[in-house]
Amino acid sequence: MHLHIYVKQFTLYNGRSVEPHLSFSNLDTCCSKYMTMSFSRIIVRSLSSSSAAQQMVKPPIQVYGIEGRYATALYSAASKQKVLNNIEKDLLKFQDLLKKDKQLAEFVKNPSIKRKDKVKALQTIGGKVSLSNETVNLLGLLAENGRLSDVNNVINTFKLFMAANRGEVPCEVITAKPLDAEMTSKLQTALKGFLSKGQSILLTSKVDPSIIGGMIIAIGDKYVDMSVASKIKKYSDIIANTV
């Protein structure tokens with residue numbers, strides 16, 4: 001779906017502009033004024049340095065940085081409102097929209113567009129693609145605080161939280177050539193040895209011819225480089241040091 005945002009006028013060709021009815025606080029400076037809508041208020045409090053932040057529902061894993069702060073606050077707020085799954089579906093929908101609509105992606109990243117105009121556009125977009133009020137509130141918070149360009153990182157971090165919540169352990173495998181079905185099955189069986197009870201593998205594979213052969217595996221916080229390229233480098237370094 002292409003929403004065709006007309007950036008200069010900050011309106012949408014295929015939908016009327018909706019005036020914002022929310023007053024957003026500045027999360028980055030931890031202001032004490034919170035929005036009237038409960039979900040947004042919970043996110044704001046989670047991002048603040050107040051005692052409310054100590055009552056957060058912590059995600060199963062910890063991620064630092066801007067994306068970690070916002071995703072953690074969102075996870076806590078969504079947990080308290082019991083809408084975790086709905087928020088995840090919404091965020092995946094919005095992320096898919098960003099991939100398909102280049103104009104929307106440029107609009108999100110453009111720092112010259114006024115924050116209030118981004119909030120207006122996001123409210124209209126949310127209505128067009130049927131995003132929940134909670135998700136629109138989050139996007140509005142990011143826009144109002146000049147963090148909308150980080151939305152993909154926030155979404156990816158939230159996806160990690162949800163995967164961990166389901167007991168899924170992300171695993172990335174890099175090979176020089178695509179893995180066939182038999183090799184993938186054997187690899188998944190071998191990787192289960194890294195898991196705890198109740199966990200499952202969330203496997204993604206990438207192809208990188210530069211590793212020549214073998215594979216590189218990143219699972220959870222573990223990293224194993226069994227590539228031919230790394231072995232060549234290792235022996236080359238040994239030879240260089242003996243000359």
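Leaving aside neighbours within four places in sequence, Leu-142 is in contact with Tyr-70, Arg-147, Leu-148, Val-151 and Val-154, where contact means heavy atoms within 4.5 Å. This is a predicted model, so a few ground rules apply: local features need pLDDT of at least 70, side-chain atom pairs count only at pLDDT 80 or more, and totals for chains, interfaces and linings use all residues. Residues are numbered from 1 along each chain as its sequence is written, and side-chain values use heavy atoms, with hydrogens and water left out.

Back to Leu-142, which sits in helix 6 (residues 133–144); helices here are DSSP runs of H or I with at least four residues, strands are runs of E with at least two, and both are numbered from the N terminus. Leu-142 counts as buried, at 0% relative accessibility. For reference, buried means under 20% relative accessible area, exposed over 50%, and partly exposed in between, using a 1.4 Å probe and protein chains only. If you look from Leu-142 to Arg-115, 27 residues apart along the chain, their C-alpha atoms are separated by 9.2 Å.

Now for the helix packing. Two packed helices are described by the angle between their axes and the distance between the axes. Take helix 2 (residues 65–81) and helix 7 (residues 151–165): their axes come within 8 Å and cross at roughly 50 degrees. That makes helix 2 oblique to helix 7. The axes are lines fitted to C-alpha atoms, for helices over the stretch in contact, with angles running from 0 to 180 degrees between N-to-C directions. Angles under 35 degrees count as roughly parallel, over 145 as roughly antiparallel, 65 to 115 as roughly perpendicular, and the rest as oblique.

Which residues make the contact? On the helix 2 side they are Glu-67, Gly-68, Tyr-70, Ala-71, Thr-72, Leu-74 and Tyr-75, and on the helix 7 side Asn-153, Val-154, Thr-157, Phe-158, Phe-161, Met-162 and Asn-165. By class, the contact of helix 2 with helix 7 has eight nonpolar, five polar and one charged residues. In this scheme Ala, Val, Leu, Ile, Met, Phe, Trp, Tyr, Cys and Pro are nonpolar, Asp, Glu, Lys and Arg are charged, and the others, Gly among them, are polar.

Rings of Phe, Tyr and Trp (its six-membered ring) pair if their centres lie within 6.5 Å, with planes under 30 degrees apart counted as stacked, over 60 as edge-to-face and the rest as tilted. By this rule the count comes to two aromatic pairs. The rings of Tyr-75 and Phe-161 have centres 5.9 Å apart and planes at 75 degrees, so this pair is edge-to-face. Tyr-75 lies in helix 2 and Phe-161 in helix 7, so the pair ties together parts that are 86 residues apart in sequence. Tyr-75 is buried at 4% relative accessible area, and Phe-161 is buried at 0%. Ring pairs link Tyr-75, Phe-158 and Phe-161 into a cluster.

Helix 2 also meets helix 3: their axes come within 8 Å and cross at roughly 135 degrees, and the two are therefore oblique to each other. Leu-74, Tyr-75, Ala-78 and Ser-79 of helix 2 make this contact with Leu-84, Ile-87 and Leu-91 of helix 3.

Lys-82 lies in the loop between helix 2 and helix 3 (84–100), and is exposed, with a relative accessible area of 74%.
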